[in-house]
Amino acid sequence: MQERYSVLFLCTGNSARSIMAEAILNGKGKPFFTAYSAGSHPSGVVRPEALKLIEMAHLPTRDMRSKSWEEFAGPTAPHMNFVFTVCDNAAKEMCPVWPGQPMTAHWGVPDPAAVQGTREQVERGFREAYMILERRISLFLSLPLASLDKLAIQKEINRIGQEGRAAS
């Protein structure tokens, strides 16, 4: 494989999990990775709890926005090498055909935006989702992509998607 990779994280609303994954990978993966995020039915807003965690990690939030996956399906969209769904709803939906046939995997993470309860309980839900994403992205970044064949990479990105599922 090449030395520079583009990754798209998908979720239904593109308001929390996919946004956090985009920020984490853009922060940890420079200069070899560029991350994007999108939703099948974008909410139009980024959850403040997600922005707070991104800021606490000293990652930029300025350009974070909720956007449609259609932005990444057209001929002028960046070429994606990897597409990861981070919510179960997006994994079940009919995705657009991504130009270039990127490798795909499901990295489902419980929805922190669905947590009901006190402010502390909601914040804990966001922290847990952030930590799962950060762990999976760290595992992904540790893969020797240049020396693995496509089948081995596919096996590894699928395995990473199972990381932490027993705890969630």
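Predicted model: local features only at pLDDT ≥ 70, side-chain atom pairs only at ≥ 80, totals over all residues.
Colleague: Starting with H1, how far apart are its end C-alpha atoms?
Modeller: They're 16 Å apart. H1 covers residues 17–28, and at 1.5 Å a residue its twelve residues should span 16 Å, so the two values agree.

Colleague: And how many of its residues are buried?
Modeller: Nine of the twelve, so H1 is mostly covered. The buried ones are Arg-17, Ser-18, Ile-19, Met-20, Ala-21, Glu-22, Ala-23, Ile-24 and Leu-25.

Colleague: Which side chain does the Ser-37 side chain make a polar contact with?
Modeller: Glu-22's, at 2.6 Å. Leaving out residues up to four places away in sequence, Ser-37 also touches several others, including Ser-18, Ile-19, Lys-67 and Phe-72.

Colleague: OK, aromatics. How many pairs are there?
Modeller: Eleven in the structure. One of them is Phe-33 with Phe-140, edge-to-face, with 5.4 Å centre to centre and 65° between the planes.

Colleague: What does that pair tie together?
Modeller: Phe-33 is in strand E2 and Phe-140 in helix H4, so it links parts 107 residues apart in sequence.

Colleague: Are those two buried or exposed?
Modeller: Both Phe-33 and Phe-140 are buried. They also belong to one aromatic cluster with Tyr-5, Phe-9, Phe-82, Phe-84 and Trp-107.

Note on methods. Residues numbered from 1 in each chain as written. Heavy atoms only, no water. Helix = DSSP H or I, 4+ residues; strand = E, 2+ residues; numbered from the N terminus. Expected span 1.5 Å × (residues − 1). Buried < 20%, exposed > 50% of the residue type's maximum accessible area, 1.4 Å probe, protein only. Polar contact = N/O pair within 3.5 Å; in protein donor to acceptor, adjacent residues only side chain to side chain. Contact = heavy atoms within 4.5 Å. Phe/Tyr/Trp six-rings, centres within 6.5 Å; stacked < 30°, edge-to-face > 60°.
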